[in-house]
Every structure is written in C-alpha cells, then in structure tokens.
Amino acid sequence: MIIIETGVIGKTIESVNVKQSSTDEVPTSSINNKILRVDFKVKGNDGVMKLDSLGFISLNTNDDNITTNGVKLFRSEDTLFINSELKATGNFNGGAISFNNLNIILQPGFSSVWLLYDIKDDTDHDMQKNILDAYIPENGIKINNYYYPFIDKSPEGDRKIVESIFNDDFEIDKAWVRT
C-alpha cells in the first residue's frame, strides 16, 4: 500500500442534513426524547470549523408540555447518540429557541447535534396526542460566520405524547427488589 500526500485542503462544510430522530410515541414525565438530528459532513484537513449557533422553530402542539430548561442540545462525533455530550439547555420563547456561543468544533467526517425534549407530568390528562416536532429555519445554523441551511429544513414525521401510568428510564436506582 502506498500513501500519497495530497497537500493541504481547507476544511469546508460538504453537507448539512436534518433528520427526524424518531417517530415513536413519547410518555408523559419522560426525559431525553430525541426530536431532531442535524448531521454535518466536514471535508478537508486544514483550519477549524466551529458551530457557533443553532436555532429551532417549534412545531409542537403546546410548548408548555416541555419542562423548564427541557429543550436540550447534545452533540456526538458520529450519527449515533451513544457517546453524546450535553451542550446546552433552554426553553422555547415565542415558538423559537436559539443556542448561541456553542463553540463546537466540527471534525472532518460526520458529526451530529441532537434536539431533545423533557416532557412534564400530565396530572390534568390534557397532553394526550399532542405533537412534538421542530424545524431549522433558513439561516438557522451559523458555522464560521456562514449561515446554513439555505431553506427551512423540516424532515417528515413527528412524535406524539401518550399518557404514562408508570415510566422508568432505569437511570436512577429506585430500589427495585426481585422477589
């Protein structure tokens, strides 16, 4: 095998794709429900590609279904959520949210950011079948002072809230005992 040096190639964004993370139903009182995934493909070997800001517009039936600071942005170095890192939290205000000063360095190849929601408890039983969804508006992504996408990006699909009688994400020990 012979390796040939190809020289210095400045980093560029080859593509930005927005995907619906899931269309599964979402139980009330649940956390970290994936809504959208944004995939960045960076090509080149010289320079820095920094994700500065990312904005979303709500397509939710009711933004009040989401807990305070329950709109979350995670990042991963691939298109899998397994080794993701929480980067920001916030709330929709007037149907929009913008995560600013992210300073996420996008490496060559694929990397992703994920929009997730934490859903409130539904003691009044009025959240059933409410829609959870969002889109990225035109120029809603800022990377190295350039704006993407060139048109609104809203992938097909959404998620619907269902009432949970009991919900356990198995992340916290609740003293379950096998008998």
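Guide: A polar contact is a pair of N or O atoms within 3.5 Å; within protein, one must be able to donate a hydrogen and the other to accept it, and residues adjacent in sequence count only if both atoms are side-chain atoms. This model is predicted: local features need pLDDT of at least 70, side-chain atom pairs count only at pLDDT 80 or more, and totals for chains, interfaces and linings use all residues. Residues are numbered from 1 along each chain as its sequence is written, and side-chain values use heavy atoms, without hydrogens and water.

Visitor: What makes the link between the side chains of Asn60 and Tyr117 a polar contact?

Guide: The two side chains are 3.3 Å apart. The cut-off is 3.5 Å, so the pair counts. The side chain of Asn60 also makes a polar contact with that of Asp63, at 2.8 Å.

Visitor: Why is Asn60 called buried?

Guide: Its relative accessibility is 11%. Buried means under 20%, exposed over 50%, partly exposed in between, with a 1.4 Å probe and protein chains only. Asn60 therefore counts as buried.

Visitor: Which residues is Asn60 in contact with, leaving aside neighbours within four places in sequence?

Guide: Ile66, Phe92, Tyr117, Ile131, Leu132 and Asp133. Contact means heavy atoms within 4.5 Å.

Visitor: How do you know that β1 and β3 pair?

Guide: 8 bridges join them, running antiparallel. Pairing takes at least two DSSP bridges, and strands are DSSP runs of E, at least two residues, numbered from the N terminus. Gln20 stands opposite Leu36 in β3.

Visitor: Why do β1 and β6 stand at the edges?

Guide: The open sheet has the order β1-β3-β9-β5-β6. β1 and β6 each have a single partner strand, so one side of each lacks a neighbour in the sheet.

Terms used
Helix = DSSP H or I, 4+ residues; strand = E, 2+ residues; numbered from the N terminus.
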